[in-house]
Amino acid sequence: MGEGGYSLRAATAGDADFLTDMLVAAVNWDPAREAVGRDRVLADHRTAHYVEGWPRPGDLGVVAVEAGGRPVGAAWLRLFGPDDPGYGFVSGDVPELSVGVLPSWRGRGVGRALVGEVARRAAEAGLTRICLSVERANRARRLYAAEGFTTVGSGPDSDTMVMVLRGR
Ligand SMILES: CC(C)(COP(=O)(O)OP(=O)(O)OC[C@H]1O[C@@H](n2cnc3c(N)ncnc32)[C@H](O)[C@@H]1OP(=O)(O)O)[C@@H](O)C(=O)NCCC(=O)NCCS
């Protein structure tokens, strides 16, 4: 167990439900908006495909667990093709990052640790870049910039960001 009362481990097939919880949290990052329910997140392929069939070949994830083993956050990477791109699609060989932390655990460094660890493991696996999409108003954007993501494309409300992994 690390100093913050949690530790990091690789995400496994048994984490599919928790990753879905974190996907729902990511979709609903803005408390000022009407929440999108889990059923709707899973019924809409554009959001569901971040977790559908987890784990698939090429998937890579990290879960933060508190003492006792309960998951409190997750960051994971999935490859998408140009025929079925994620919101942050850059190229078929650049996996897209999703991240979420349980509300009661936010602001304690878990998200930063998860992003750093999944990037480290991705570099170790031979990947050269990872990407993501983030709405510009989301505070998570600051975390990504601080961790080394740079903006490579912008829509009306969101940015596509890429982290180059070489040398990590
Ligand atoms: C974004 C998120 C994963 C960050 O995890 P976290 O554990 O709260 O983050 P950390 O404690 O490591 O803080 C790192 C940075 O995240 C941001 N952050 C901190 N608390 C936050 C909060 N409650 N909500 C959003 N972002 C927060 C800050 O920029 C912070 O940097 P700072 O300390 O220099 O201000 C988490 O807040 C979350 O799950 N939010 C909802 C889901 C979401 O937005 N996912 C990303 C979609 S692109």
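Reader: Which element gives the most to the lining of the largest pocket, and with how many residues?

Author: This is a predicted model. Helices H1, H2, H3, H4 and H5 and strands S4 and S5 each supply at least two residues of the lining of the largest pocket. The element that gives the most is S4, with 6 residues.

Reader: How much space lies in the largest pocket, and which residues are closest to its centre?

Author: The largest pocket holds about 1,500 Å³ of space. Its lining is made up of 44 residues. Closest to the centre are Ala26, Trp29, Asn138, Ala140 and Tyr144.

Reader: How many residues of the lining of the largest pocket are nonpolar?

Author: Sorted by class, the lining of the largest pocket has 13 charged and 10 polar residues. The number of nonpolar residues in that lining is 21.

Reader: What span is expected for H1, and what does H1 reach?

Author: H1 runs over 16-27 and has 12 residues. At 1.5 Å a residue, the expected span is 16 Å. From its first C-alpha to its last, H1 reaches a value close to that, 16 Å.

Reader: Which residues of H1 are buried?

Author: Buried here means under 20% relative accessible area. What covers the buried residues of H1 includes H2, H3, S2, S3 and S4. The buried residues themselves are Phe18, Leu19, Thr20, Met22, Leu23 and Val24.

Reader: Is Asp84 buried, partly exposed or exposed?

Author: Asp84 is found in the loop between S3 and S4. Its relative accessible area is 28%. Buried is under 20% and exposed is over 50%, so Asp84 counts as partly exposed.

Reader: Which residues does Asp84 touch, leaving out those up to four places away in sequence?

Author: The side chain of Asp84 makes a polar contact of 3.0 Å with the side chain of His45. A polar contact of 3.1 Å joins the side chains of Asp84 and His49. With residues up to four places away in sequence not counted, Asp84 touches His45 and His49.

Reader: How far apart in space are Asp84 and Gly148?

Author: In sequence, Asp84 and Gly148 are 64 residues apart. In space, C-alpha to C-alpha, the distance between Asp84 and Gly148 is 26 Å.

Reader: Which residues does a cis peptide bond join?

Author: Most peptide bonds are trans. In the loop between H3 and S2 lies Pro55, and the bond in question has an omega of about 0°. The residues joined by this cis bond are Trp54 and Pro55.

Methods:
Residues are numbered from 1 along each chain as its sequence is written. This is a predicted model: local features need pLDDT of at least 70, side-chain atom pairs count only at pLDDT 80 or more; totals for chains, interfaces and linings use all residues. Side-chain values use heavy atoms; hydrogens and water are left out. On a 1 Å grid over the protein atoms alone, a cavity is a set of points where a 1.4 Å probe fits but cannot get out, and a pocket is an open set with protein on both sides within 12 Å along at least five of seven lines; lining residues have an atom within 4 Å of a point. Grid points are joined across faces, edges and corners, and a volume is the space filled by probe spheres set on the points. Helices (H or I, at least four residues) and strands (E, at least two) are DSSP runs, numbered from the N terminus. Ala, Val, Leu, Ile, Met, Phe, Trp, Tyr, Cys and Pro count as nonpolar, Asp, Glu, Lys and Arg as charged, and the others, Gly among them, as polar. The expected span of a helix is 1.5 Å times one less than its number of residues. Buried means under 20% relative accessible area, exposed over 50%, partly exposed in between (1.4 Å probe, protein chains only). Contact means heavy atoms within 4.5 Å. A polar contact is a pair of N or O atoms within 3.5 Å; within protein, one must be able to donate a hydrogen and the other to accept it, and residues adjacent in sequence count only if both atoms are side-chain atoms.
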